[in-house]
Amino acid sequence: MTGAHQGLALALFSAFVVVTLAIATWVARRRQGSPEEFYAGGRLFSPMENGFAIAGDYMSAASFLGISGLIALYGYDGMLYSVGFLVAWLVVLFLVAELVRNCGRFTLADVLAARLHERPVRIASGISSVTVSVLYLVAQMVGAGSLMALLLGGTGERARGWTVIGVGALMVLYVTLGGMRATTWIQIVKAALLTAGTLTLTVLVLARFHGDLSALLATAAERSGHGRDFLAPGLKYGRDPTSRLDFISLGLALVLGTAGLPHILARFYTVPTARAARRSVVWSIGLIGGFYLMTIVLGFGAAAVLGSDAVRASSSAGNTAVPLLALELGGGAGSTGGTILFAVVAAVAFATILAVVAGVTLAASASVAHDLYVTIGRRRGPRDEVRVARAAAAVTGAAAIGLGLLAQNLNVAFLVGLAFAVAASANLPVLLYTLFWRRFTTRGAVWSVYGGLIPAVALVVLSPVVSGAPGAIFPGADFAVFPLENPGLVSVPAGFLAGWLGTRTSREGADEAAHAQTEVRALTGAGAA
């Protein structure tokens with residue numbers, strides 16, 4: 001891209017940053033001293049507003065950049081991410097949304113503490129939630145680095161590195177200034193922009209092929225270099241038994257992981273009632289469903305219009321497929337239309353990243369302050385807890401920046417898949433046991449969290465993601481003793497098994513009266529915050 005074209009793209013992105021900072025500053029003038037204001041925005045959002053915010057939280061850089069890139073490179077197998085992310089919302093709607101809103105206040109640990117001993121379950125849940133949040137943030141950092149490298153006309157490590165640092169600084173600023181209220185409005189704006197941008201690109205792709213989906217798929221298969229195999233299962237996950245198991249493992253993580261993501265659970269506390277929480281999910285399903293259907297068109301469109309080799313040449317993980325597609329649909333490199341469309345898409349992608357990292361950072365800081373600090377430290381009052389939460393946002397941002405710099409060569413959708421696997425392994429089992437198993441005990445809860453968290457993280461470290469493969473974080477080392485790239489197939493059952501064993505071997509019996517009280521509260525909302 002020419003200097004003038006780069007300037008236009010950067011100007012649009014800068015305008016979004018200025019607008020979102022203005023929102024955060026405006027909100028900061030309002031009272032943010034209480035935990036309810038900082039963590040939940042005063043529970044004043046309507047179902048429609050919260051539904052848009054949930055969609056904004058969920059439609060991340062992994063969705064916009066990573067999924068389309070994977071489809072452009074691997075065809076049918078890349079669609080698993082679109083399908084998995086969408087189906088996961090049914091689990092959220094039918095199993096956890098209303099019950100979590102009734103039982104908790106700000107975090108997952110509030111639900112557990114409603115019927116179990118508070119200190120051990122808060123510590124375990126807090127550690128798990130922070131781990132999942134940091135992993136999720138890493139994916140957004142990688143997406144930001146890839147986008148800025150393309151925007152600046154190169155793929156230099158320095159450009160990527162400074163972008164990661166800049167995004168980290170902005171996300172800390174959003175959270176510390178405005179808390180949940182600012183984060184929510186940023187996500188609402190971002191959801192509207194992303195939906196409009198994705199819809200525009202989808203219409204342009206379909207117009208290029210005169211609305212003929214068969215022609216689109218046939219051209220994508222031809223230009224992929226794989227022929228008809230591009231449209232059939234097995235290109236990425238069907239080469240051997242190990243890749244097939246990886247396919248099952250990834251699907252399990254995607255479908256079950258959403259219900260254990262801390263920043264998604266936190267969104268149910270921003271509405272006044274459980275009914276509003278359920279209606280929020282219904283709103284978000286409509287937005288999210290349409291969006292993921294469009295990512296499939298964009299992925300195959302990138303393969304058909306650009307060719308898989310061109311996508312791979314720009315980014316080996318496929319993270320730049322959508323911006324390159326926008327450039328080509330607008331008229332190609334050097335054209336005014338191509339530059340404008342590329343700039344708009346780049347700005348929308350950055351809006352996506354900034355909004356998501358703000359929500360995830362807020363969830364992580366809430367876990368640190370509300371679960372860990374209040375339990376372990378010496379809390380001096382609500383305002384002290386909020387101050388700790390703001391400091392925790394800075395620490396979380398620093399950790400995400402460091403890991404994001406290491407993982408620049410990995411696909412963002414794949415990285416989010418790892419976060420989903422950890423959430424499905426450590427958070428979902430203990431949440432379902434707490435809500436539905438009368439005999440569940442505190443030991444079972446602690447064992448369930450650590451029994452899913454430790455294997456999930458350990459198996460990722462010992463997998464080809466970290467070492468032993470050309471695209472690994474440390475390609476020069478080889479300590480990959482676990483063959484699968486996603487640990488969900490092992491770690492998710494491990495979390496459920498550990499919770500069952502912990503409960504069965506517990507000397508302390510379950511508090512059935514507390515369970516009955518929690519059950520009534522979960523189903524009716526009586527006594528809910």
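How many residues of the lining of the second largest pocket are nonpolar, how many polar and how many charged? The lining divides into 16 nonpolar residues, 1 polar and no charged. Here Ala, Val, Leu, Ile, Met, Phe, Trp, Tyr, Cys and Pro count as nonpolar, Asp, Glu, Lys and Arg as charged, and the others, Gly among them, as polar.

The model is predicted: local features need pLDDT of at least 70, side-chain atom pairs count only at pLDDT 80 or more, and totals for chains, interfaces and linings use all residues. Residues are numbered from 1 along each chain as its sequence is written, and side-chain values use heavy atoms, without hydrogens and water.

**The cores**

A nonpolar core is a set of buried Ala, Val, Leu, Ile, Met, Phe, Trp, Tyr and Cys residues joined through side-chain atoms within 4.5 Å; buried means under 20% relative accessible area (1.4 Å probe, protein chains only).

| Core | Residues | Including |
|---|---|---|
| Largest nonpolar core | 139 residues | Y58, Y81, F85 and F268 |
| Another core, apart from it | 11 residues | L112, V430, W437 and A445 |

In the largest core, the four residues named have the most contacts inside it.

Leaving aside neighbours within four places in sequence, F268 is in contact (heavy atoms within 4.5 Å) with residues including I54, V92 and R101.

**A55**

A55 lies in helix α3 (residues 47-58). A55 is buried, because its relative accessible area is 0%. Not counting residues up to four places away in sequence, A55 touches K190, S284, L287 and I288.

Conventions
Buried means under 20% relative accessible area, exposed over 50%, partly exposed in between (1.4 Å probe, protein chains only). Helices (H or I, at least four residues) and strands (E, at least two) are DSSP runs, numbered from the N terminus.
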